[in-house]
Amino acid sequence: MQLMHENMEKQYEDLGKFFVFDPKKMSPEEVFGDLNNFRTMFQQAVKENQKRKEAEEKIRRAKLAKEKAEKEKEEKQKRMNAGEILNINDDGDETGIMDGLLEALQSGAAFKRKRGPRQAANNRRGAGQAVTNLLAKELLQESAPSSAMKKSRLTAEDRKESTPEDTGSLEDLLDDAPLRSN
């Protein structure tokens, strides 16, 4: 026992030299308690570093996936704008057809119709307003004498001739309008 105790004291002094502390001023309980605290704190730091690296890697992957998704979305949008709805590969593989159709349905592109020139749309709008105005005037004049009716018909015919957006269907509507009010 005595021999083991002397051997332990010698190794403790060597440990003091190695860690640069005075073995006579610090008890073995203090030194080994400090070493134990250091070991547990070091293990905790290693775990935290590992978690931080995993989180950074996860963020990096998510960023790459987001960039890839945005790039694919831009490519799909360019194809949709160019009029390409179906995605058929060179091999005749039609794997992207359903994706393209679903994308068109979700974006509303499947429901959009190509319109003619804006001028035609504006003319139609003006003609519709003219018909609505004439019908409203005729309905207001229902209680007026028949001479006023004839006058309003003449006024309506004058308006028809003066508007540049005459169409055959507009004339038919104007001819039918006085009959509706009677």
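The areas themselves come from the Shrake-Rupley method with a 1.4 Å probe, and for residues only the protein chains shown count as cover.

A quick word on the background. This is a predicted model, in which local features need pLDDT of at least 70 and side-chain atom pairs count only at pLDDT 80 or more, while totals for chains, interfaces and linings use all residues. Residues are numbered from 1 along each chain as its sequence is written, and side-chain values use heavy atoms, with hydrogens and water left out.

Now the overall picture. The protein has six helices and zero strands, where helices (H or I, at least four residues) and strands (E, at least two) are DSSP runs numbered from the N terminus. Of its 182 residues, 13% count as buried.

Back to R60. Which residue does R60 form a salt bridge with? The partner is E57, with the closest N and O atoms 2.4 Å apart. A salt bridge here is a side-chain nitrogen of Lys or Arg within 4 Å of a carboxyl oxygen of Asp or Glu. E57 and R60 are three residues apart in helix α2, so about one helical turn separates them. E57 also meets R61 in a salt bridge, at 3.4 Å from N to O. E57 and R61 are four residues apart in helix α2, again about one helical turn. Together, E57, R60 and R61 are linked in a network of salt bridges. E57 is partly exposed at 27%, whereas R61 counts as exposed at 55%.

The structure holds three salt bridges, and another of them joins E56 and R52, at 3.4 Å from N to O.

Next, the aromatic rings. The structure holds three aromatic pairs. One of them is Y12 with F21, edge-to-face, 5.8 Å centre to centre and 65 degrees between the planes. To count as a pair, rings of Phe, Tyr and Trp (its six-membered ring) need centres within 6.5 Å; planes under 30 degrees apart are stacked, over 60 edge-to-face, and the rest tilted. Are Y12 and F21 buried or exposed? Both are buried. F18 and F19 form an edge-to-face pair too, at 5.0 Å and 85 degrees. Here F18 counts as exposed, because its relative accessibility is 65%, and F19 is partly exposed at 41%.

F18 and F19 come up again on the surface: with F32 and L35 they form a nonpolar patch of about 430 Å² of accessible area together. Helices α1 (2-19) and α2 each give two or more residues to that patch. Patches are made of residues with over 30% relative accessible area and no salt bridge, joining like charges within 9 Å and nonpolar side chains (Val, Leu, Ile, Met, Phe, Trp, Tyr) within 5 Å.

One last stop is V20, in the loop between α1 and α2. Its phi is near 55 degrees, a positive value in a residue other than glycine. Most residues other than glycine have a negative phi. V20 is exposed, because its relative accessible area is 72%.

Terms used:
Buried < 20%, exposed > 50% of the residue type's maximum accessible area, 1.4 Å probe, protein only.
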